[in-house]
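Please read them with the structure open beside you.

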Amino acid sequence: MAKTIQTKREREKAMVSDMIALYCRKQHGIKDGLCADCSALNTYARERSDKCPFMETKTFCSNCKVHCYKADMREKIRAVMRFSGPRMILHHPVAAVRHVLETKNEKRRLENCNEA
C-alpha cells in the first residue's frame, strides 16, 4: 500500500507541476521554466502533497474536500486549475486522460469501501 500512496503522490505532484507550467507559459509568457510566483506556488503545492495525511483515503488534491492550502495559495492554485484543467487534454493528453480515469477509479474504490 505504501508504494501505491507514494505513486499517487508523485503523479499528483507531476500533474500539478505540469498545470502550473502551462499556466505560467500562457499567462505570464514564460517559455522555459517558471516565473518567481509560479515557482513558489509549485514548491508550495508539492510540499502540501508530500505532507498530506489524507493521501490514502482521498482521490487527488483537485478533488479533496479538506483544504490544507493557505487562503492566498488556494486562490492561486484554483486559478491555475481553472485555466489549465481544460487545456491539459491538448498539452498532455495521456496524463490528462490518466488523471481522469484514476480519479474515477479512486472514487469508485472509496464508494465500495464505504458500502462495505
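1. Start with D50 and K13, which form a salt bridge whose closest N and O atoms are 2.7 Å apart. D50 belongs to helix α2 (residues 36-51) and K13 to helix α1, so this pair ties together parts that lie 37 residues apart in sequence. Keep in mind that the model is predicted.

2. K13 has another partner. A salt bridge also joins K13 to E10, with 3.1 Å between the closest N and O atoms. Here both residues sit in helix α1 (residues 2-28), 3 residues apart, so about one helical turn separates them. Taken together, E10, K13 and D50 are linked in a network of salt bridges.

3. K13 has a relative accessibility of 7% and counts as buried, because buried means under 20%. E10, at 35%, counts as partly exposed. D50 is also partly exposed, with a relative accessibility of 43%.

4. How many salt bridges does the structure hold? The count is 3. Besides the two pairs described above, there is a salt bridge between the side chains of R78 and E75, at 3.3 Å from N to O. R78 and E75 are both in helix α3 (residues 71-91), where a spacing of 3 residues puts them about one turn of the helix apart. R78 is partly exposed, with a relative accessible area of 34%, and E75 is partly exposed at 43%.

5. Next, the cysteines. A search of the whole structure for disulfides finds 0. For C24, the nearest cysteine sulfur is that of C38, 3.7 Å away, and C24 is in no disulfide.

6. Are C24 and C38 buried or exposed? C24 is buried, with a relative accessible area of 0%, and C38 counts as buried at 3% relative accessibility.

Note on methods
Residues are numbered from 1 along each chain as its sequence is written. This is a predicted model: local features need pLDDT of at least 70, side-chain atom pairs count only at pLDDT 80 or more; totals for chains, interfaces and linings use all residues. Side-chain values use heavy atoms; hydrogens and water are left out. A disulfide is a pair of cysteine sulfur atoms within 2.5 Å. Buried means under 20% relative accessible area, exposed over 50%, partly exposed in between (1.4 Å probe, protein chains only). A salt bridge is a side-chain nitrogen of Lys or Arg within 4 Å of a carboxyl oxygen of Asp or Glu. Helices (H or I, at least four residues) and strands (E, at least two) are DSSP runs, numbered from the N terminus.
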